[in-house]
Amino acid sequence: MAKFNENYLNLKESYLFSEIAKRVNAFIKENPDKKVIRLGIGDVTLPLASEVIKSLHTAVDEMGKAETFRGYGPEQGYDFLREAIKDYYSRNGVTLDLDEIFVSDGAKSDTGNITDLFALDNIVIVPDPVYPVYVDTNTMNGRKIVYLNANAENNFLPMPDENVHADIIYICSPNNPTGAVYSKEQLKVWVDYALKNNSVILFDSAYEYFISDESLPRSIFAIEGAKKCAVEFCSLSKTAGFTGTRCGYTIIPKELVSTASDGTKMSLNKMWNRRQTTKFNGVPYIVQRGAETVFSVEGMKQAKEMINYYKENAKIISETMDKKNVKYFGGVNSPYIWFECPNNMDSWDFFDFMLNKIAVVGTPGAGFGENGKNYFRLTSFNNKENTVEAMKRFETLF
Ligand code: MLT
């Protein structure tokens, strides 16, 4: 009989957001007349920008004509989109080569799939709390995970411990779930640590477009030395409302190399290219045309308008926290507000309490790690009316 991967026995029974959906669906079944407001999963609500829609339509029409029809595309992404991404980075002061950019269907898949490239005996560092995908995918592979405490004392921005060695380091900034953002100086410390320890930083910048404080880094490659030790994942899900359209990209610098046990030089960029050409057939042409438009002048302007709309919601949530004297983090350069559960409540208890009392859904901090067990996350991705209504109800909660 085939042996199954027993590492799966070490996973929680269900993925965080599936568990939330299960509880919410049960509540709706029992309370069909209640209007549930969802501030749980970070899923966008605004429609795609009109410029993006125009490009999608044009691309659909191209697919309907023999002269412009496309079959398999390049696994790495079409050059028109890679050029647009390269330009975007260059506008932010980062120079990339086209073949360092890999277009994908999103940061979730790539942050999980990248684990294919690393040996199983690597030690992985993840902050706690953390986006569960990093933990789950390494658990599936059976890798050792060391947790780094992120808490109110370090403003949820843990720094490296010189006494702890790590081979792979996950950093998400602006952070999911806490909304905290590393400064350039702090990221430089991480890069120096990685260079000293021959580690690789897997940097998730999916929320970079929420940064409005220009002194904060949008990319790990804004930090000197990072091209020798970091990979960056980004996505248009939050930048331009592509959660359902699916498009992201991963940057793997050619300078990122390691030496195999037999002395052979190994390039992570070449390995990822090898992996993707074997296991991935690329993102649909139509979607890539839409994504290309996100990086145009008008596309970026419309994306910024969407982000500002969500930031306004974040402000509404933060103001409510202030009013209720609740200690919170994030909400400024991030769509997430991370707060202490009132009366030191357990976060899943608070989830049930909030759902049952006011029919508002959030995400329990425990789902992101031990240090989140008394914290709770709300997102600003619902519409304004619902956010206002949810916060009115929140004010009556305790
Ligand atoms: C979240 O709510 O944490 C995110 O939407 C999850 C994701 O991007 O996969």
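Predicted model: local features only at pLDDT ≥ 70, side-chain atom pairs only at ≥ 80, totals over all residues.
I started at Lys238: a polar side-chain atom of this residue sits 2.9 Å from an oxygen atom of the ligand, which counts as a polar contact (a pair of N or O atoms within 3.5 Å). I found Arg377 at 2.7 Å and Tyr131 at 2.5 Å from a ligand oxygen, again through a polar side-chain atom. Taken alone the ligand exposes 260 Å², and the protein buries 85% of that (Shrake-Rupley areas, 1.4 Å probe).

Numbering runs from 1 along each chain as its sequence is written, and side-chain values use heavy atoms, without hydrogens and water.

Next I listed what surrounds the ligand; among the residues are Phe17, Ile41, Asn176 and Tyr336 (a heavy atom within 4 Å). By class I noted five nonpolar, two polar and three charged residues, with Tyr counted as nonpolar and Gly as polar.

Then, why does the ligand lie between domain 1 and domain 2? Both domain 1 (7-47 + 298-395) and domain 2 (70-294) give residues to its shell, so it lies between them; the bounds come from an automatic or database assignment.

The C-alpha centres lie 25 Å apart, and the contact (heavy atoms within 4.5 Å) takes 35 residues from domain 1 and 42 residues from domain 2. I noted 17 residue pairs in polar contact, both at pLDDT 80 or more, but zero salt bridges (Lys or Arg side-chain nitrogen within 4 Å of an Asp or Glu carboxyl oxygen).

Note on methods: Polar contact = N/O pair within 3.5 Å; in protein donor to acceptor, adjacent residues only side chain to side chain.
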